[in-house]
Amino acid sequence: MTQDKLIQRALKPLVWVLCLAPLLGLTGLAYMGEMTANPIEFLNRYLGEWALKFLLSALMMTPLKIVTGWAGFTRFRRLLGLFSFFYAVLHLSSYVGLDQFFNWKDIWTDLIKRTYITVGLGAFIILAVLAATSTKNMIKKLGGKNWNRLHKWVYVAGFGGCLHFFMMRKGVQAEPLYYAGFLVLLLIYRWVYYLKKQRQRTGKTAPAAL
Amino acid sequence: MLIKMTKASDIKSSEITPKAIFDDRRQFLKTAAFSGLGFAAGSIAPSSFANEGRGKKLIGIEPSKWTQKSVGEKLTDYESVTSYNNFYEFGTGKQDPLTYSKDFSPKPWTVVVDGEVENPGTYSYEDLVNPHTLEDRVYRFRCVEAWSMVVPWVGIGLADMCKRFGPKNDAKYVAFETLHDPDRMYGQRSRVLEWPYREGLRMDEVMNPLSFMAVGLYGEELPNQNGAPIRLVTPWKYGFKSIKSIVRISFTKTQPPTSWNMSGPREYGFYSNVNPEKSHPRWSQAKERRIGEFLKRPSLMYNGYGEEVASMYVGMDLNKFY
């Protein structure tokens with residue numbers, strides 16, 4: 001089996017199953033009555049956390065490619081990114097449809113008064129734009145350079161998601177900081193790699209200023 | 001020598017109703033009526049918690065005027081009250097307190113009473129609680145996170161307890177502290193808040209008949225996750241004011257620092273009275289979700305206890321003193 005076939009026929013379906021596993025897990029928790037005494041809140045948090053986990057997974061593919069030398073990792077980037085958007089849609093829907101029960105007035109008040117919700121929606125809009133422009137057609141239409149520039153916004157969405165999570169929790173809680181810390185590590189890794197590449201290319205020392 | 005001849009009509013000593021029970025006859029009738037009512041109403045009345053039986057039953061509990069009937073709402077089920085908790089000493093997840101407080105054995109327990117009082121000292125739990133008669137009180141409980149419950153607490157009026165310590169005229173506030181013991185309270189190993197957890201009340205709030213020291217709920221000893229063995233309950237304030245697992249009660253001249261106010265002064269004031277009009281940077285306080293219900297309901301000023309507490313805040317700018 002060629003590498004391409006391996007990815008298409010075995011690994012992609014496997015990743016699909018893994019990406020849907022949180023929904024299966026949720027069904028199990030619901031069936032066993034393990035969604036706490038406040039299932040609406042539980043559902044909303046659960047979906048939000050998975051949106052963030054998949055976003056960070058998508059961002060992990062390029063560093064993984066560099067570390068392992070296996071280019072196949074980048075083939076999963078879009079899939080993971082789209083699943084992040086998928087969970088973000090469910091997360092937002094649970095807020096609109098269950099938590100607020102389509103009370104648009106209250107939703108609007110939340111949006112303008114509660115910064116963490118504003119930040120969350122910002123991150124969601126970025127993800128929506130990136131999802132809409134994720135097809136091969138759109139890459140062609142926008143041109144590779146523009147498309148690349150647009151899709152750099154995924155980092156903004158990542159930090160937005162982490163900030164949204166951190167601000168939602170009371171006090172200084174560790175969990176959202178783990179996510180943010182992981183994102184920072186991924187970025188540092190890319191930056192270091194980028195500097196190294198540039199030095200190799202130009203043969204000069206790394207630029208002193210960023 | 002007088003020889004007592006027993007007549008058949010004489011009352012045998014075994015038939016004499018003990019004085020305590022005779023004195024309690026009205027209580028007995030009330031309880032009996034209550035149980036009957038509870039049975040008829042699908043056992044939701046506070047005296048018919050027979051099916052709970054998870055913890056040690058508390059005995060000698062008197063009813064109070066704060067009954068399920070006076071609240072006029074269904075009690076939140078025992079399962080929810082004891083599995084959905086904010087008690088960061090045992091972790092920040094809602095079910096963490098239940099999970100991580102299993103091995104926390106609260107007794108023996110002592111409480112330090114100090115500051116502006118005639119009778120300072122270290123009181124054992126028994127010294128604190130035994131001189132009082134336990135009461136059943138059904139209160140609404142409103143969390144700042146916009147969820148709420150109706151809980152049947154068991155305990156002692158805070159004013160009654162505090163009067164025993166003999167507050168001096170200089171005592172204007174009372175500060176409370178939770179146990180700080182990271183070995184037994186796993187959540188204290190991370191610095192979510194500055195430990196120990198601190199809370200405080202103004203003296204008139206302490207003396208308000210609503211303020212309550214709970215040692216139990218649903219007729220049983222307080223479960224660890226709910227703040228065993230003794231906690232405060234101030235139902236007209238957001239839940240975080242109702243400090244759990246208390247080890248220190250200090251009578252102070254000045255307003256004491258309180259944990260959430262120290263952590264986020266813009267979000268959490270010293271008073272933290274339930275106020276649907278005062279929007280919070282994180283949650284609208286206009287509505288709340290009663291645990292077990294789907295749609296949110298409007299929140300009530302002072303959580304519906306305005307009649308008892310509003311007079312304490314007359315003339316205060318509630319937007320400033322939130």
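**Figure 1. Burial and overall build of chain A.** Of the 210 residues in chain A, 24% are buried (a residue is buried if 20 or more other C-beta atoms lie within 10 Å of its own, exposed if 12 or fewer, and partly exposed in between, with C-beta atoms placed from the backbone). The structure is a predicted model, in which local features need pLDDT of at least 70 and side-chain atom pairs count only at pLDDT 80 or more, while totals for chains, interfaces and linings use all residues. Residues are numbered from 1 along each chain as its sequence is written, and chains are lettered from A and ligands numbered from 1 in the order in which they are written. Chain A holds nine helices and zero strands (helices, H or I with at least four residues, and strands, E with at least two, are DSSP runs numbered from the N terminus). The C-alpha trace of chain A spans about 60 × 45 × 35 Å along its principal axes. Among contacts in chain A between residues at least 6 apart in sequence, 65% join residues at least 24 apart (two residues are in contact if their C-beta atoms, placed from the backbone, lie within 7 Å).

**Figure 2. Helix α5 of chain A and its buried face.** Helix α5(A) comprises the 18 residues 115-132; at 1.5 Å a residue these should span 26 Å, and the end C-alpha atoms are 26 Å apart, in agreement (the expected span is 1.5 Å times one less than the number of residues). The buried residues of α5(A) are V119(A), G120(A), A123(A), F124(A), I126(A), L127(A) and L130(A). Seen down the axis of α5(A), these buried residues fall within an arc of 160 degrees and so line one face of the helix (the arc is that of the directions from the helix axis to the C-beta atoms). An α-helix has 3.6 residues a turn, so residues three or four places apart point the same way. The cover over the buried residues of α5(A) includes α3 (77-99), α7 (144-151) and α8 (153-168) of chain A.

**Figure 3. A157(A) in helix α8.** A157(A) is part of helix α8 of chain A. This residue counts as buried because it has 26 C-beta neighbours inside 10 Å. Apart from neighbours within four places in sequence, A157(A) is in contact with L55(A), A123(A), I126(A) and L127(A).

**Figure 4. The side of chain A that touches chain B.** In this view, 14 residues of chain A are in contact with 19 residues of chain B. Helix α4 (residues 104-113) of chain A supplies the largest share of the chain A side, four residues. The residues on that side of chain A divide into five nonpolar, five polar and four charged (Ala, Val, Leu, Ile, Met, Phe, Trp, Tyr, Cys and Pro count as nonpolar, Asp, Glu, Lys and Arg as charged, and the others, Gly among them, as polar).

**Figure 5. An open five-strand sheet in chain B.** The strand order is β3-β2-β11-β6-β7, with mixed pairing (two strands pair if DSSP finds at least two bridges between them). At the edges stand β3 (121-124) and β7 (198-202) of chain B, each with a single partner strand, so one side of each is left without a neighbour in the sheet. Strands β2 (residues 110-115) and β11 (residues 246-252) of chain B run parallel and are joined by four bridges. Within β11(B), F251(B) stands opposite G115(B).

**Figure 6. Strand β4 of chain B and its partners.** Seven of the eight residues of β4 (residues 135-142) of chain B are buried. Strand β1 (residues 62-63) of chain B runs parallel to β4(B), with two bridges between them; E62(B) has E135(B) as its bridge partner. Strand β5 (residues 147-157) of chain B runs antiparallel to β4(B), and eight bridges join the two; R140(B) is partnered by V150(B).

**Figure 7. Backbone features in the loops of chain B.** Most residues other than glycine have a negative phi, and most peptide bonds are trans. A146(B), in the loop between β4 and β5 of chain B, has a positive phi near 70 degrees. A146(B) counts as buried, with 20 C-beta neighbours inside 10 Å. Y218(B), in the loop between β8 (212-217) and β9 of chain B, has a positive phi near 50 degrees. Y218(B) is also buried, with 25 other C-beta atoms within 10 Å. A cis peptide bond with omega about -5 degrees joins W195(B) and P196(B), and P196(B) lies in the loop between β6 (173-178) and β7 of chain B. The peptide bond from A228(B) to P229(B) is cis, with omega near -5 degrees; P229(B) lies in the loop between β9 (220-221) and β10 (231-233) of chain B.
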